Amino acid sequence: MLIGELSRQTGVAHRLLRYYEEQGLLCPDRDVNGYRVYASDTPYVVARIRGMLAAGLSTDAIREMLPCATGGGPGIDPCPEVLRTMAERLERMDTDIAELRRRRAALAAFRDATEARSERTGAH
């Protein structure tokens, strides 16, 4: 299938499909005219890529994990690099969440102090 058909089937813009190719996530063949020709299972691969991006994985991580994304259904074959990458990403997310919670608490405390000062001075 050509890029236009892949775009229609997946709802992903041509430009983004070319970006996935630049990142090494898609590897279409070329026909005699130089047009990209995608395999029949490429819509499934694009859906996997989109799902992994939605989970917060980088294109580098997806490139490592994509060879393990075989078969149908959710999840990925448990290749060692997949489990390692997921564990690392989850750890980073946990760290980011903890930092966001700390920053939110600090901002809420600052807001509360500002509101209290405003109430004491009668300024609104």
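**Helix packing and salt bridges**

The crossing of α1 and α3 is right-handed. Before going on, a word on the source. This is a predicted model, where local features need pLDDT of at least 70, side-chain atom pairs count only at pLDDT 80 or more, and totals for chains, interfaces and linings use all residues. Residues are numbered from 1 along each chain as its sequence is written, and side-chain values use heavy atoms, with hydrogens and water left out.

Back to the helices. Helices here are DSSP runs of H or I with at least four residues, numbered from the N terminus. Helix α3 covers residues 42–54, and its axis comes within 10 Å of the α1 axis. The two cross at roughly 55 degrees. Axes are lines fitted to C-alpha atoms, over the stretch in contact, and angles run from 0 to 180 degrees between N-to-C directions. So α1 is oblique to α3. The classes go like this: under 35 degrees is roughly parallel, over 145 roughly antiparallel, 65 to 115 roughly perpendicular, and the rest oblique.

Who touches whom? On the α1 side, Leu6, Gln9 and Thr10 make the contact; on the α3 side, Thr42, Pro43 and Val46 do. Contact means heavy atoms within 4.5 Å. By class, that gives three nonpolar, three polar and no charged residues. For the classes, Ala, Val, Leu, Ile, Met, Phe, Trp, Tyr, Cys and Pro are nonpolar, Asp, Glu, Lys and Arg are charged, and the others, Gly among them, are polar.

Next, α1 with α2. Helix α1 spans residues 3–10 and helix α2 residues 14–22. They pack at about 105 degrees, axes 9 Å apart. That makes α1 roughly perpendicular to α2. From α1 come Ile3, Gly4, Leu6 and Ser7; from α2 come His14, Leu17 and Arg18. Here the count is three nonpolar, three polar and one charged.

Now Met1. It sits in the segment before α1. Setting aside neighbours within four places in sequence, Met1 contacts Leu6, Gln9, Arg36, Val37, Tyr38, Ala39, Ser40 and Pro43. Met1 is partly exposed, at 25% relative accessible area. The scale: buried is under 20%, exposed is over 50%, partly exposed is in between, with a 1.4 Å probe and protein chains only. From Met1 to Arg18 is 17 residues in sequence and 14 Å in space, C-alpha to C-alpha.

Last topic, salt bridges. How many does a search of the whole structure find? Eight. The criterion is a side-chain nitrogen of Lys or Arg within 4 Å of a carboxyl oxygen of Asp or Glu.

Take Arg84 and Glu88, at 3.6 Å, N to O. Both lie in helix α5, residues 80–121, four residues apart, about one turn of the helix. Arg84 is partly exposed at 40%, and Glu88 is partly exposed at 36%.

Then Arg102 with Glu99. Their closest N and O atoms are 2.6 Å apart. This pair is also in α5, three residues apart, again about one turn. Arg102 has 48% relative accessible area; Glu99 has 32%.

Asp112 pairs with Arg111, with 2.9 Å between the closest N and O atoms. Asp112 is partly exposed at 39%, and Arg111 is partly exposed at 45%.

One network to finish. Salt bridges link Glu21, Arg30 and Arg36. Arg36 is also among the contacts of Met1.

Definitions and conventions. Left-handed = near helix turned anticlockwise from the far one by under 90°.
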